Amino acid sequence: MTQANATHSSNHGDGHGDEPHVLPMQVYLGVWAALVFLTIVTVAVSRFDFGSANTFVALLVATIKGALVVLYFMHLRYDNKLYLIILLASLLFVSIFFTPTLIDLHTRDALDPIKGRTMYKLSTSKAKSQDAAPAPAAH
Amino acid sequence: MAIMGREYHHAHHFPSARAEADAAKLGMWTFLATEVLMFSGLFMAYTAYRSTHAEMFKAAHQLLDWRLGGLNTLVLILSSLTMALGVRSAQQNKREQSAFYLVVTLLCAGAFLVVKYFEYTHKIHLGLLPGGYYTYNGPEFAGIDSPHIFFGIYFLLTGLHGFHVLFGMIAITWILLRTTRGDFSSKYYTPVELVGLYWHLVDLIWIYLFPLLYLVG
């Protein structure tokens, strides 16, 4: 029983059996054409004003492109799902990195309106000091 | 097998060639996960500063040429296609075809770096450099706060990515030499596949860098 299960599972599941899992040429060319098209879309949507959704739209198009690369060029659609889990885990940890950092950054002035603001508003002092003309009280 | 030269035998501590290939791929994906995490530090810096300096990002990104960024996007996408086809040919025992696709991939990678070279020299010439090296004082930035931060992030992100392209070229060259030597066949092409995975990740990161740096909305 266990033996039968073991042989069975080794022949199925993740396309990398004894014989390589070769995708048809049309799949690669199709994905490539879609990526070129979506690159044009990337530029086109940047000309459009979606208001506050601008960045979201740009990232959405990039993520569709990324998904095509990962699923077909990197074979994740056909490969062992463990690799997909590793990739998604890295993205999970990126979100754990981003979320508290951004919450912290944007709630500092709620705790201390004056100090909180100076922490990320770098002020113009750094940029001004690069200038040749010393204008200390410009703004 | 005879056409492909030497026959490959998996290491004795693996039960089968497939187990060995799976273990290698698991290691590669784990490495790619650490790559994502490494780049996420710079993406975090980008997000933090863009969220507090939105107007500055909008003004500063206009000094980048989106046409060159778009050209490089198309170049990298083409190189990703040829890399994938190189792996596909290796899977099918087509050694010469695989070598051809790898050479095209290398040429695309080289073209990417040449375009990047022209972009960098233009910015160095204008003084659009990170942090204290920033000297540009053009009319575009009248009343704009701290544009040097954008160029710091730009150079770190594209620089780290550029080093990945460079390392990818070294890895592809190594694979190409081994392909012409007859190391790979449909029974064993793991290194080709792993370098392919790495190369696609380099493409993947650029897919995000292009809109985030060149097309700030």
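Helices (H or I, at least four residues) and strands (E, at least two) are DSSP runs, numbered from the N terminus. This is a predicted model, where local features need pLDDT of at least 70, side-chain atom pairs count only at pLDDT 80 or more, and totals for chains, interfaces and linings use all residues. Residues are numbered from 1 along each chain as written, chains are lettered from A and ligands numbered from 1 in written order, and side-chain values use heavy atoms, without hydrogens and water.

Me: Which pattern does chain A follow along the sequence?
Reply: Start with the counts. Chain A has 6 helices and 0 strands. Read along the sequence, the pattern of chain A is α-α-α-α-α-α.

Me: Is His75(A) buried or exposed?
Reply: His75(A) sits in the loop between helix H3 (54-73) and helix H4 (81-111) of chain A. Buried means under 20% relative accessible area, exposed over 50%, and partly exposed in between (1.4 Å probe, protein chains only). His75(A) has a relative accessible area of 10%, so His75(A) is buried.

Me: With which side chain does the side chain of His75(A) make a polar contact?
Reply: Contact means heavy atoms within 4.5 Å. Beyond neighbours within four places in sequence, His75(A) is in contact with Leu23(A), Tyr28(A), Val70(A), Gln91(B) and Glu193(B). At 2.7 Å, the partner is the side chain of Tyr28(A).

Me: What area do chain B and chain A bury between them?
Reply: In this pairing, 59 residues of chain B are in contact with 59 residues of chain A. Buried area is the accessible area (1.4 Å probe) that two parts lose on being put together, summed over both. Carbon and sulfur atoms hold 70% of it, and the total is about 5200 Å².

Me: Which side chains meet in a salt bridge?
Reply: A salt bridge is a side-chain nitrogen of Lys or Arg within 4 Å of a carboxyl oxygen of Asp or Glu. The count between chain B and chain A is 1. At 2.5 Å, N to O, the side chains are those of Lys25(B) and Asp79(A).

Me: How many residue pairs are in polar contact across the interface of chain B and chain A?
Reply: Both residues must be at pLDDT 80 or more. The rule finds 8 residue pairs.

Definitions and conventions. Polar contact = N/O pair within 3.5 Å; in protein donor to acceptor, adjacent residues only side chain to side chain.
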